[in-house]
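Work through the following exercises with the sequence and the 3D structure open beside you. Try each task before reading its solution.

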Amino acid sequence: MPGYEIFDEAERREVLQVMETGILMRYGFDAQRKGVNKTLALEKAICDKLGVAHAQLTPSGTTALCTALAVAGIGAGDEVIMPTFTFVASFESILALGAVPVLVEIDDTLTLDPAAVEKAITPHTKAIVPVHMCGAQAHIDELMDICRRHNLILIEDACQAMGATIAGRHLGTIGHMGCFSYDFVKTITMGEGGAVVTNDDEYARKADGYIDHGHDHIGNDRGAETHPFLGMNYRVSELSSAIGLAQIGKLDKILSRQREVKKYMKDALKAALPELKFRRILDEEGDNASFLSISLPSLEQAEKAVKAMSSEGIGGVFHYYNNNWHYIRRWFHLKERATLYRLPQEVLDRMPDYATVEFPQSDDIISRNLSIAINLSWSDEDVKARTEAMIRALKSVF
Ligand SMILES: Cc1ncc(COP(=O)(O)O)c(C=O)c1O
């Protein structure tokens with residue numbers, strides 16, 4: 001799963017080049033930087049890799065989401081549809097803009113259920129933010145169709161899905177904007193980092209300004225630049241970009257190893273346990289294969305499987321139903337509206353009471369799902385031994 005497992009000379013070389021110039025900022029210092037601008041180089045590499053016109057680096061996936069929402073003009077009281085199964089950054093970013101997070105059921109793809117999305121649309125709905133969870137595809141074409149029919153903006157959260165595709169198109173590049181995370185445990189890492197990508201020149205221009213206090217970035221004198229709108233400081237350090245640049249050079253290798261390991265494990269599990277079900281994946285070839293997700297017949301069996309795998313020494317098994325980060329059930333801070341600051345009145349009035357709203361379809365799916373992280377550091381022998389141990393553990397619960 002994480003690119004940090006394969007740090008080597010490439011990352012050190014890129015970082016050293018930055019340190020040799022001493023310029024850690026992406027803007028200005030043109031004479032001193034001697035042509036070295038790792039941030040610009042990484043943005044170009046992301047565009048080339050994903051086949052997208054623009055990429056704007058941000059300090060995290062969370063700030064990428066905040067940037068995309070701001071660029072889309074999302075503000076106080078606008079409703080933004082998001083899934084029940086995601087990372088807390090989904091609702092944090094929506095609330096940060098003063099908007100209302102509207103949580104919607106997922107289906108057996110572990111991503112937004114388009115039928116439930118359609119039902120959740122109101123006159124206040126402004127955007128849909130599907131999440132390509134665990135490296136595989138949300139129903140992006142159906143969701144784009146809904147957006148077209150209702151005049152909504154689609155922001156893809158592809159934070160966990162760098163390199164994944166659907167019918168040959170990179171996830172993150174299909175909606176109006178896409179967001180990526182390059183935090184420490186993602187497919188490729190900048191240590192901390194993220195990106196907003198888009199094919200829309202106007203969104204790109206706004207993102208370019210928003211991450212730097214609204215600067216217009218015209219000319220080469222920062223002091224003389226004007227500010228057509230208010231922004232933030234969501235700039236990245238050249239050191240983070242240097243690491244990201246080395247990592248993106250390894251993306252194909254990462255994806256091919258993950259896919260190879262996942263296929264081996266999945267084939268072996270299918271052969272040994274014909275009754276075992278898997279997450280529905282819309283395009284197996286395009287899965288970035290950072291996780292293998294299985295579906296047990298019941299919550300009890302899923303809990304037993306976690307224990308059995310742990311007894312076999314298998315770590316990296318996520319039962320999101322009992323996890324505090326990724327599923328509505330244990331987002332107590334959202335349920336209690338535990339913000340440090342006062343939420344806008346529209347949010348206080350119109351945000352559903354998540355302490356009481358129920359999501360039976362999501363509960364059923366997530367309670368039975370286990371996602372197993374695929375590591376890059378495993379040797380072929382490790383993969384084989386792990387798979388055998390997993391089969392022993394799972395056999396004990398059927
Ligand atoms: C689906 C999803 N969205 C957003 C984020 C936020 O990314 P970051 O940790 O870079 O802020 C994450 C991080 O785990 C994530 O998994």
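**Exercise 1.** Which of the 13 residues around the ligand come nearest?

*Solution.* Begin with how the model is to be read: it is a predicted model, in which local features need pLDDT of at least 70 and side-chain atom pairs count only at pLDDT 80 or more, while totals for chains, interfaces and linings use all residues. Residues are numbered from 1 along each chain as its sequence is written. A residue counts as near a molecule or strand if its C-beta atom, placed from the backbone, lies within 6 Å of it. Of the 13 residues around the ligand, the nearest are S60, G61, T62, F87 and S181. Sorting the residues of this shell by type gives 4 nonpolar, 7 polar and 2 charged, where Ala, Val, Leu, Ile, Met, Phe, Trp, Tyr, Cys and Pro count as nonpolar, Asp, Glu, Lys and Arg as charged, and the others, Gly among them, as polar.

**Exercise 2.** Describe the open sheet that contains β13, and find the partners of this strand.

*Solution.* Two definitions come before the strands themselves. Helices (H or I, at least four residues) and strands (E, at least two) are DSSP runs numbered from the N terminus, and two strands pair if DSSP finds at least two bridges between them. The sheet has 4 strands in the order β10-β11-β13-β12, with antiparallel pairing. Its edge strands are β10 (277-278) and β12, each of which pairs on one side only.

With β11 (residues 291-295) it forms 5 bridges in the antiparallel sense; here S293 stands opposite S371, and F291 has A373 as its bridge partner.

**Exercise 3.** How many helices and strands does the chain have?

*Solution.* The chain has 14 helices and 13 strands. Its radius of gyration is 21 Å, close to the 21 Å that the globule rule gives for 398 residues, so the chain is as compact as a globular protein of that length; the radius is taken over C-alpha atoms, and the rule is 2.2 Å times the number of residues to the power 0.38. Of the 398 residues, 47% are buried.

Technical notes
A residue is buried if 20 or more other C-beta atoms lie within 10 Å of its own, exposed if 12 or fewer, and partly exposed in between; C-beta atoms are placed from the backbone.
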